[in-house]
Amino acid sequence: MAKLVYGLNQSLDGYVGHQEFRPSPALFRHFTEHVRGLTGMLYGRRMYEVMRYWDENHPDDDAKEHDYAAAWRSRPKWVVSRSLKSVGPNATLVEDDIEAAIRGLKAKLGGEIEVAGPDLAGSLTNLGLIDEYRLYLHPIVLGRGKPFFSGPRPPLRLVTSDLIADSVIRLTYVPA
């Protein structure tokens, strides 16, 4: 059975935002290796549209960015959206009965499926489908933005903390 893991970069004051976090080379390598090990990725519409950047190589990208793009393109993606009519390569649109679709993925697959996006993670949390939360805590304060958690949730239990790269700490929690 696959495990659903919600993980994103987060500021000290609890906000996410891909534009605000420029990964160091070591952190970029960590995320590339992480993606290579995934069974797949589950996105909401907005996060998927951001991540579609990696569907292509860009002339200004360096070798580490090409490596990440290749890893990202190689993984299957499921996109939860009622407004999109189609999705890109190696992606499947999930439009109806999201709970049944995601429970089916968890039952059918093994390994880890990454959940990206606070709103989608909040919906899946409410359905009891998230197995693990990974907060990549950066030592910055944004003072604004989208919170990591989109609403209240039941208590969590810390299972591990790791220094990932430079001053980024990964906190891993499971439902208590």
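Leu156 stands opposite Pro175 in β10. The model is predicted: local features need pLDDT of at least 70, side-chain atom pairs count only at pLDDT 80 or more, and totals for chains, interfaces and linings use all residues. Residues are numbered from 1 along each chain as its sequence is written, and side-chain values use heavy atoms, leaving out hydrogens and water.

Sheet next. Strand β10 (residues 168–175) and β9 pair in the antiparallel sense over eight bridges. Strands are DSSP E runs of at least two residues, helices H or I runs of at least four, numbered from the N terminus. Pairing takes at least two DSSP bridges. Eight strands form an open, mixed sheet: β5-β4-β3-β6-β1-β7-β10-β9. Its edge strands are β5 (91–94) and β9 (156–165).

Now helix α4, residues 98–108. Ile98, Ile102, Leu105 and Lys106 are buried there. Buried means under 20% relative accessible area, exposed over 50%, partly exposed in between, with a 1.4 Å probe and protein chains only. The face turned away from the buried side carries exposed Ala107 and Lys108.

Last, salt bridges. There are twelve. The criterion: a side-chain nitrogen of Lys or Arg within 4 Å of a carboxyl oxygen of Asp or Glu. Asp131 bridges to Lys106, closest N and O atoms 2.8 Å apart. Asp131 lies in the loop between α5 and β7 and Lys106 in α4, so the pair ties together parts 25 residues apart in sequence. Asp131 is partly exposed at 26%; Lys106 is buried at 8%. Shared partners join Lys3, Glu112, Glu132 and Arg134 into one salt-bridge network.
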